[in-house]
There are 2 protein chains.
Amino acid sequence: MLVVDAGLMFPDEELPGIDFVIPDYRILTAGGTVHGVVLTHGHEDHIGSLPYLLQTVSVPVYGTPLTLGLARRRVEEAAGSPKMTGIAVEPRRPVQIGPFEVEAVHVSHSIPQACAIVVRTGAGAVVWSGDFKFDQTPVDGQPTDFSRLAEIGEAGVLALLMDSTNVERPGYAPSERVVGVALDEIIAAAKGRVIVTTFASNVHRLQQVFRISAHHGRKVAIAGRSMADTVTIASDLGVLAIPRGGLVPLEQARNLRDHQVTLLTAGSQGEPLSALTRMATGQHRMVTIKSGDTVIFSATPIPGNEGMVARTIDNLYKHGAEVISGSAVHASGHAYQEELKLMLTILHPRFFIPVHGEYRHLVLNRRLAVAVGVPEERTLVVENGQIIGVGPDRIARAGAADTGSVLVDGLEGVGTVVLRDRRQLARDGVLIALVALERQTGELLMEPDIVSRGFVYMRESGELIEESKKRIREAVARSRGRGVTEWGAVRSAIREALGRYLFERTHRQPMILPMLVEV
Amino acid sequence: MLVVDAGLMFPDEELPGIDFVIPDYRILTAGGTVHGVVLTHGHEDHIGSLPYLLQTVSVPVYGTPLTLGLARRRVEEAAGSPKMTGIAVEPRRPVQIGPFEVEAVHVSHSIPQACAIVVRTGAGAVVWSGDFKFDQTPVDGQPTDFSRLAEIGEAGVLALLMDSTNVERPGYAPSERVVGVALDEIIAAAKGRVIVTTFASNVHRLQQVFRISAHHGRKVAIAGRSMADTVTIASDLGVLAIPRGGLVPLEQARNLRDHQVTLLTAGSQGEPLSALTRMATGQHRMVTIKSGDTVIFSATPIPGNEGMVARTIDNLYKHGAEVISGSAVHASGHAYQEELKLMLTILHPRFFIPVHGEYRHLVLNRRLAVAVGVPEERTLVVENGQIIGVGPDRIARAGAADTGSVLVDGLEGVGTVVLRDRRQLARDGVLIALVALERQTGELLMEPDIVSRGFVYMRESGELIEESKKRIREAVARSRGRGVTEWGAVRSAIREALGRYLFERTHRQPMILPMLVEV
């Protein structure tokens with residue numbers, strides 16, 4: 001076995017309290033040898049679950065130097081900090097990993113040193129496109145390696161697994177350099193401080209901010225740990241070139257005049273704890289937003305984050321800042337339709353499997369492949385956990401693996417029962433009915449006690465609480481009347497009587513937990 | 001006093017369990033006479049809180065017939081069904097409401113019979129634009145009443161309160177008729193069933209679906225109560241013209257061949273209980289999605305709903321349907337920049353107050369007004385609850401009203417304490433520690449009991465629970481050792497010891513509720 005990428009997913013509002021979602025890696029211990037993990041690039045959705053993978057199987061990790069640097073940071077800061085053996089790979093230089101010959105091919109993306117991966121097996125070559133675009137004018141002067149991809153296509157590709165993110169967008173993704181032009185115009189015109197927020201890992205974007213700021217006599221200061229970490233790792237590896245004196249500590253930036261300052265900060269997704277969100281709500285220790293500030297959102301909201309981003313922008317406006325966002329100050333790192341077609345045409349694979357997108361993206365990407373000439377029966381849309389069998393003439397589902405997602409909250413996974421309870425608690429809260437009964441007779445030893453949270457405000461609900469206690473007393477009496485007192489039956493009687501009464505009175509359905517004490 | 005519109009807001013993920021958010025109407029009883037409510041049009045965000053307003057003050061409701069019809073349905077289905085006295089108004093025919101002369105002026109919007117409202121007072125005329133656009137080719141042949149607006153502008157407008165929704169969009173909003181052209185192409189090409197989802201209240205859109213379906217030999221069936229209600233009200237009032245035999249019950253549509261059927265359904269926002277969402281998840285009683293179905297999302301997601309809509313689209317694809325969404329099959333009902341400028345130019349108000357949008361929209365709309373010549377000092381950006389004072393030469397904040405929002409859950413409002421508890425419960429659940437103590441000595445009478453929901457799965461957490469019980473015993477013993485047993489102190493000791501232990505072990509922070517029984 002060989003693993004390509006080890007990512008994580010961020011939860012949506014359906015998963016309350018979940019920090020992130022990772023694959024269930026237990027399948028890797030079910031038999032067979034895992035020879036290694038190959039990483040295409042250093043984004044969270046490709047490296048974020050590496051600590052968990054390495055806790056399950058201890059195998060070497062292959063990737064380009066920047067990818068390995070970011071992966072190592074991720075592993076070290078994870079709970080338990082598993083050991084990571086990194087093996088640096090260079091594009092165009094195949095390495096042998098167990099029975100597989102693996103070659104990285106440089107592609108442009110919103111992070112440097114991103115790669116497509118070619119895995120040569122006995123049955124033929126399988127290509128992962130990785131996340132890519134065909135940027136003809138990349139900031140680092142290194143476009144996608146067309147020549148090598150063309151050679152690989154010419155030599156024959158058995159199967160291609162290709163990025164589907166932007167399959168709904170016609171044409172070509174704009175070049176990263178276009179964003180630089182827009183940023184330059186805005187920063188040139190700004191009279192006060194400029195605050196740029198983007199994904200911490202977008203080193204190309206950071207590079208442009210450093211270059212443009214220096215050009216306009218501004219020094220850059222960094223707010224937020226993830227952004228600072230990336231700048232350190234990337235500049236140590238020589239991937240990010242910081243102009244001499246161009247980076248100052250945040251404390252020092254406060255002594256500069258406003259037109260001499262650019263702040264680089266994470267929080268482009270409106271994350272509640274990020275530096276930018278704290279600035280927007282007036283809670284940042286060192287930066288207070290004021291009239292004259294220009295805040296540039298150099299990123300688009302990930303689906304699901306639109307609400308948080310909108311709230312952050314509103315708060316910035318309320319503090320007097322000017323806010324600039326939208327497509328002019330961001331370029332996607334993922335190929336649009338014409339680029340996807342180009343990749344298909346260059347590699348002309350025998351079989352095609354769309355990956356990396358919502359289900360509708362996979363369907364549309366398959367359609368795109370058929371449009372450029374891949375026969376439909378040689379394409380396959382699969383979901384997580386499905387096993388794909390590929391032979392010289394045939395592609396088909398070959399069963400499903402016993403796998404799934406692990407919903408991580410804190411140090412461990414959370415199951416469906418816990419999640420269902422959280423959803424109910426979030427909706428209508430909890431009501432606890434404490435009942436002390438005489439062991440022999442089942443008689444009430446004292447007035448029932450009620451505690452409620454997230455249901456009604458107890459101090460203002462005296463009558464509701466009193467009436468609830470009455471219903472509890474009646475329920476206990478009724479269960480006693482039936483002869484032998486069964487604690488289970490008492491519990492059900494209380495739950496049922498209270499549930500009915502509370503719904504009638506409030507149209508809410510709190511979780512009702514009877515707690516019985518027998519003395 | 002005169003009230004213009006009585007809307008509600010739908011909650012975001014920050015407000016768990018809340019059904020909707022309405023204004024706190026208690027201010028209407030604080031003194032002075034409320035002479036009536038004038039409704040601009042029949043959308044939920046303009047009529048949804050009318051039942052609550054009428055429960056607070058019993059006043060007549062003014063609006064066009066369709067607006068009154070929809071408002072009446074809303075009031076009748078609300079809890080307590082307050083009495084509503086509706087007074088129909090006709091555009092260009094002013095009515096006297098107490099000291100105010102009120103005139104409705106027809107505007108085009110995504111619902112028929114929408115109006116701008118002119119209120120003539122002793123100090124001058126105040127105009128609410130209502131939600132509007134300048135559709136030159138509206139489906140019902142009734143464009144915004146330019147001539148009357150021009151007369152009103154010529155006569156002099158003291159203050160204009162104008163819609164800000166689309167102030168970020170340059171140019172003009174596309175005409176509703178353009179959507180008809182796109183729908184016609186799609187429906188003409190469809191081989192199987194066509195399922196169209198849109199806002200139930202978008203009567204123009206429904207009209208187009210009926211017309212186009214009839215043209216292509218399809219009958220329309222309706223799924224979902226809100227859509228059926230609108231069709232009934234609108235066709236009773238003659239606002240919606242249903243072709244003869246063009247509407248069939250859903251049961252009957254099942255006997256037609258697929259290419260003879262168009263289904264109209266609510267659920268364009270991915271609402272969990274809507275007919276379309278149930279179809280997409282295979283849970284609709286009468287409609288099963290299948291290969292060959294074409295589903296048209298003739299609406300854009302309201303910010304915050306993107307995730308739910310995306311999930312619904314994915315589910316439809318998984319069942320084999322083709323899904324069409326995006327700007328070609330929807331047109332906004334709100335004015336774009338050039339239309340907003342046009343309204344400002346026609347009315348050339350002395351003072352300008354942007355309304356109806358996020359804070360950033362208000363700021364940008366104010367900027368737009370300044371760009372077309374309103375002096376900046378004659379504009380004012382305000383937030384909910386602020387009182388605006390307008391004199392012949394001056395506009396200014398004149399204090400703030402003691403008002404706010406009511407978060408409705410079930411039959412009543414919910415306060416901040418309850419909400420804060422819900423958020424904590426959603427994140428990490430609850431743990432209840434039941435402790436029975438001997439009244440005199442404070443000794444434990446029995447092993448502590450623990451119940452937890454939404455925190456860990458209790459059946460798999462035996463050791464954690466046992467260790468927690470041990471911590472409780474220790475905490476109780478420690479509190480006793482301090483002399484007189486104070487129940488409050490015992491509670492705190494348990495909460496603290498458990499909180500620390502559970503966070504260390506799980507990195508989660510459940511709500512901890514010690515329940516003490518003394519016997």
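**Figure 1. Chain A of the predicted model, seen as a whole.** In chain A, 73% of the contacts with a separation of 6 or more are between residues 24 or more positions apart. The model is a predicted one. Its chain A holds 15 helices and 23 strands. The C-alpha trace of chain A spans about 85 × 65 × 45 Å along its principal axes. Of the 519 residues in chain A, 53% are buried.

Figure 2. Two copies of a chain are related by a rotation about an axis and a shift along it.

**Figure 3. The surroundings of A:Ala71.** A:Ala71 is part of helix α3 of chain A, which covers residues 65-77. The relative accessible area of A:Ala71 is 0%, and because buried means under 20%, this residue counts as buried. Not counting residues up to four places away in sequence, A:Ala71 touches A:Leu39, A:Ile47, A:Leu50 and A:Met84. A:Leu425 is 354 residues from A:Ala71 in sequence, and the two are 37 Å apart in space, C-alpha to C-alpha.

**Figure 4. Helices α3 and α7 of chain B.** The view shows α3 (residues 65-77) and α7 (residues 225-236) of chain B, whose axes come within 10 Å and cross at roughly 135°. This angle makes α3(B) oblique to α7(B). The crossing in which α3(B) passes α7(B) is right-handed. On the α3(B) side, the contact is made by B:Leu66, B:Gly69, B:Leu70, B:Arg73 and B:Glu77. On the α7(B) side, the contact is made by B:Arg225, B:Ser226, B:Asp229, B:Thr230, B:Ile233 and B:Ala234. Sorted by class, the contact of α3(B) with α7(B) has four nonpolar, three polar and four charged residues.

**Figure 5. B:Glu176 and the residues around it.** B:Glu176 is found in helix α5 of chain B, which covers residues 176-189. The relative accessibility of B:Glu176 is 5%, so this residue counts as buried. Leaving aside neighbours within four places in sequence, the contacts of B:Glu176 include B:Lys133, B:Asp135 and B:Val139. B:Glu176 is also in contact with B:His204, B:Arg205, B:Gln208 and B:Ala331.

**Figure 6. B:Ala396 in a strand of chain B.** B:Ala396 lies in strand β18 of chain B, which covers residues 395-400. With a relative accessible area of 16%, B:Ala396 is buried, because the cut-off for buried is under 20%. Apart from neighbours within four places in sequence, B:Ala396 is in contact with B:Leu380, B:Ile387, B:Ile388 and B:Gly389. B:Leu380 and B:Ala396 are 16 residues apart along the chain, and their C-alpha atoms are separated by 7.2 Å.

Notes. Residues are numbered from 1 along each chain as its sequence is written. Chains are lettered from A and ligands numbered from 1 in the order in which they are written. This is a predicted model: local features need pLDDT of at least 70, side-chain atom pairs count only at pLDDT 80 or more; totals for chains, interfaces and linings use all residues. Side-chain values use heavy atoms; hydrogens and water are left out. Axes are lines fitted to C-alpha atoms, for helices over the stretch in contact, and angles run from 0 to 180 degrees between N-to-C directions. Helices (H or I, at least four residues) and strands (E, at least two) are DSSP runs, numbered from the N terminus. Angles under 35 degrees count as roughly parallel, over 145 as roughly antiparallel, 65 to 115 as roughly perpendicular and the rest as oblique. A crossing is left-handed if the near helix is turned anticlockwise from the far one by less than a right angle, and right-handed if clockwise. Contact means heavy atoms within 4.5 Å. Ala, Val, Leu, Ile, Met, Phe, Trp, Tyr, Cys and Pro count as nonpolar, Asp, Glu, Lys and Arg as charged, and the others, Gly among them, as polar. Buried means under 20% relative accessible area, exposed over 50%, partly exposed in between (1.4 Å probe, protein chains only).
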